[in-house]
Amino acid sequence: MGGPIEARIQAKGREIFGQLDRDKPTPFSRAWVTGRLMDWSMSNERLKVELFRFIDVLPSLTSAQDIAQHAHEYLTQPGVELPAPMRLVLGGSRHVPWLTAAAARQAVRQMAQTFILAETPAEAVPKLCEMRELPLAFTADILGETVVSEVEAQEYCRRYLELIEVLGTEAAKWPPIPQIDSDGRGPIPAANVSVKISALYSQIAPADSERAITPLLKRAAETGVFINFDMESSQLKDLTLELFMRLLDHPELKRSANFGIALQAYLRETEEDFERLLSWAGERGAPITVRLIKGAYWDYETIMAAQRGWPVRVFEAKSETDAAYERLARRMLENETHIRCAFGTHSVRSIAACIAHAEELGLSQNHYEFQMLYGMAEPIKRTLIESGYRLRDYCPIGETLTGMSYLVRRLLENTSNEGFLRAAFVEGADTEQLLRNPETVRAEQDGHATPPFENEPHTDFSIKANRERMTGALAKVRTNLGQRVPLLIGGSEVFTEAEIASVNPTRPDEIIGHVSRATKADAEAAFARARDGFAKWRRTPVEERARCVDKAAELLRRDRFELAALEVFETAKNWVESDADVAEAIDFCTFYAQEMRRIAEYHYNVPGETNVNHYVPRGVAVIIAPWNFPIAILCGMSAAALVAGNPVILKPAEQSSVCAARLTRVFHEAGIPPEVAQFLPGAGEEVGAHLVESAQTAIIAFTGSREVGLKIYEAAGRTAAGQMQLKKVICEMGGKNAAIVDSDADLDEVVPAIVQSAFSYQGQKCSALSRLILLDENHDRVLQRLIEAVRSLRVGAPEDPGTMIGPVIDAEAHERVLRYIEIGKTEGRLAFQGSAPAGAGYFVPPTIFADVKPDARIAQEEIFGPVLAVIRARDLDDAFAIANSTQYALTAGFFSRSPAHIERAATELEAGNVYINRPVTGALVARHPFGGYKMSGGGTAGRHREPDAPRVCRRDERGRGQRRRVSNACPV
Ligand code: NAD
């Protein structure tokens, strides 16, 4: 872009700047304290993060002492440089006088009022009338973003309806004001409401969102209220767009021009989305409004993408977003017969570009409007209104408490290094710099160090193409079910007479495969072949072995959708969980290959002396795996042994042997000799026990229950006749994992994290949360929200992409979990029990027991199902004592916003993996080394802390897949 239009933009920009009074106080100075706080926070990045965290937690703190304590903890973190007045207030002591605590609350309330119009629609009306006098139009929005249950979603729906009702009735009485109440085509509605679809349904899925939103749209159409669909995180973008187009095609709504949608210029896909929307709008007939914004979730999008290894969907350089904004604005204006243009921006450069393009296209001022956020960019607003432009304020309505995340987002935006307002009004950047053409501004490189190992990204099922691939894979795999699955001994397929039928837990009459059942004689044959294989494999160079394992990763990646589909059928994992399991298997292969190369040889030479340290493989490794991570765990334990030069005999769990057979074939295809990777499915107590006891076995890598693990540990300690070496046992077992919710924890984050931890994959993860420890003071609040959230979970067939909870693995597990539920009824109060679909599937209703004593059986024994015991603790000391009062030590969680308490949890909680402010499941290879101690296993303890990103960016981290890793399975 350049030439005449650029000159026009520059001229327009200078004209606007000429009218702006930049000497007046900051653009957000409606409240002095807000401006001051922002000035301070801009002086030191660390201070900004801690200050905004403090602001975020403040409304949930109940006592003056608590406030003082948190202020002290946040603002005395290393690297925080306090401005003098604040230093004075804090005085280096944690006993800030109560007056200061009250003042802090007041200050935050005042700040919130800078950006939040009113607490209720009725309270908003007089303020909106005042704004109209300026004249300034409005769009009203209901605050609050994280909806964790259907009850909360219904409450939002009710509040939106109330807003529509109140505004519709009031607006009917308002005399029209030409500058804001009409455009080139005629009158436009004075009442304008912005709706977030994530607030209307807790388990967002297209069909359900439609049910929730339709009554709102119909009521709006009846009362003449304009409705705009807001855009939030990119995960919801496609869904929002689809929903918008589908709903507006309804015969009752098709003719109305009173609907709009926001598009975010920072998303790389938006230009394509716009073209799709445009062609649809052209066919529909009545125009729609597009509110073009830059996007307010940049930190969230980039951090989430980095954490999941997904491509970043937003432009990483601000100038790229600005350039896309101008291109999109042009396309909108060129098509203004179908698209009513609303430009949401505070940047003078972007505003000037919109105006210049409109003028070049011969459009008058009333063909488009500008939109800005309530409480921000006041001088720019004044200038535009005075120049006759239609301007609309985006006005949030709601309580300060629910508005905190909104407030923090606005503060982050206002103080961002790249924000226009900061540059223009705080740093006093010169006009030329502020008006630079974004196309020519060079993107600054960000300085993230490349991590040493990159996890395989999970599949993003919000992308249609991925959903289609999974649907296709499910259909394809289903046609091949029910085949006979042989043992793989050496290069031969061995079909045994006796077989074990592996069934679909959702429909037990559907056979996934008739799996051959190995006998002791088969095991002996396998040992003989493994010995032959070992002779050669041990001499195969490390690089070659590592290449084979790398190749296995590549093949798993090639087949990932089919493998995931097979898991859906055989183990009843839902899409996300199955996909995550395959991704984890890929990670294990790449990770161990990389590690083996790293540790293969170690030199410590001194003059005259050469010292070389290298690893010698031990011999036959027996890999005994559980069914709950059917490919990942078996693959991880095998890959570690293989890459180190040991032949493996894979003995999978009976319930997931068809998946295991596929994995063995992948190993062979990757070039691992068939006698080095043999497949020996069968009964654990029969062939499994024989493999463990055999004198031929050098290594046992076991993951499974404590009961079996202890037997194996003991059996491996007995010396068999003819045994030539000590057996090495890797033994990872069960857990009884606890999470503690501190009194200041952010429940919007806590509830989804608990739901995910306790109920994903039906609670059948070794890391699953089964004991929730609540403090006396927050017990009822948390429990109530949790129950509503769990009530909203969808229980059903895992093939259905919307399913969160499927059946448990088999009839035995079904009976066991139901038995524990009966025990629970005698040990605690049944606080909630969901429903389970009728039919033969092994469904267990999600169940929550409250008032459970710490020593109750359901609080001590591993249930391995969707059952959660809630335990009440007097205080934090009591909570830690309860958490540590089991024989297990696998995972633990702690939710808190007190840095001192977090520190305490990190050191005191007894668990291999301690998670702070995030779910306790979902460990990633390399990033979260996994393994338990005490009676959970011999694994190394890893500690995981959230990165130091502004906490608000981590909100809404839910519904993602799970991975885990046996940390102890490094080359043996
Ligand atoms: P399980 O102990 O019943 O079976 C595990 C494996 O052991 C299966 O392959 C089984 O056939 C075999 N086996 C059974 N009896 C045997 C015997 N006497 N000798 C040799 N092998 C025998 O466990 P599961 O039901 O498959 O898996 C669920 C359990 O696994 C849970 O307790 C869970 O916590 C645990 N688990 C732990 C981790 C971890 O990393 N700590 C990971 C996943 C699962």
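Biologist: Okay, so a salt bridge is a side-chain nitrogen of Lys or Arg sitting within 4 Å of a carboxyl oxygen of Asp or Glu. How many salt bridges does that rule give?

Modeller: The count comes to 74 salt bridges by that rule. Keep in mind that this is a predicted model.

Biologist: Let's pick one. Which residue does Glu 799 form a salt bridge with?

Modeller: Glu 799 pairs with Arg 507, and their closest N and O atoms are 3.1 Å apart. Glu 799 is in the loop between α30 and α31, while Arg 507 belongs to strand β15, so this pair ties together parts that are 292 residues apart in sequence.

Biologist: And is Glu 799 buried or exposed?

Modeller: Glu 799 is buried, with a relative accessible area of 16%.

Biologist: Switching topic. Which strands make up the closed barrel?

Modeller: Eight strands make the closed barrel, in the order β1-β4-β5-β6-β7-β8-β9-β10, and the pairing is parallel. From one strand to the next, the twist averages 30 degrees.

Biologist: How many bridges join β9 to β10?

Modeller: Five bridges join β9, residues 368-373, to β10, residues 390-397. If you want a spot to look at, Gln 371 stands opposite Arg 392 in β10.

Biologist: Which helix lies across those two strands?

Modeller: Helix α16, residues 378-386, lies across β9 and β10, running at about 160 degrees to β9.

Biologist: And α12, which strands does that helix lie across?

Modeller: Helix α12, residues 270-284, lies across β6, β7 and β8, and runs at about 165 degrees to β6. With 15 residues, α12 reaches 20 Å from its first C-alpha to its last, close to the 21 Å expected.

Biologist: Which of the α12 residues are buried?

Modeller: The buried residues of α12 include Phe 274, Leu 277, Trp 280 and Arg 284. The cover over the buried residues of α12 includes α11, β6, β7, α14 and β8. Just after α12, Gly 285 takes a positive phi of about 110 degrees.

Biologist: Next one: what does Gln 264 touch?

Modeller: Gln 264 is in strand β6, and counts as buried at 2% relative accessibility. Leaving aside neighbours within four places in sequence, the contacts of Gln 264 include Met 231, Glu 232, Thr 270 and Ile 293.

Biologist: Now the greasy parts. How many residues are in the largest nonpolar core?

Modeller: There are 127 residues in the largest nonpolar core, and those touching the most other members include Ile 55, Phe 343 and Phe 370. Apart from that core lies another of 72 residues, with Ala 565 and Trp 575 among them. In soluble globular proteins, nonpolar side chains tend to be buried together.

Biologist: What does Phe 370 touch?

Modeller: Not counting residues up to four places away in sequence, Phe 370 touches several residues, including Phe 343, Ile 351, Leu 384 and Arg 392.

Biologist: Last topic, the backbone. Which peptide bond is cis, for instance?

Modeller: The bond from Leu 134 to Pro 135 is cis, with omega near 0 degrees. Pro 135 is in the loop between α7 and β1. Most residues other than glycine have a negative phi, and most peptide bonds are trans.

Biologist: Then what is the phi of Asn 917?

Modeller: Asn 917 has a positive phi of about 55 degrees, although it is not a glycine. Asn 917 lies in the loop between β30 and β31, and is buried at 14% relative accessible area. Ala 926 is in the loop between β30 and β31 too, with a positive phi near 75 degrees. At 28% relative accessibility, Ala 926 is partly exposed.

Note on methods: Residues numbered from 1 in each chain as written. Predicted model: local features only at pLDDT ≥ 70, side-chain atom pairs only at ≥ 80, totals over all residues. Heavy atoms only, no water. Pairing = 2+ DSSP bridges. Helix = DSSP H or I, 4+ residues; strand = E, 2+ residues; numbered from the N terminus. Axes fitted to C-alpha atoms, helices over the stretch in contact; angles between N-to-C directions. Contact = heavy atoms within 4.5 Å. Buried < 20%, exposed > 50% of the residue type's maximum accessible area, 1.4 Å probe, protein only. Core = buried A, V, L, I, M, F, W, Y, C linked by side-chain atoms within 4.5 Å. Expected span 1.5 Å × (residues − 1).
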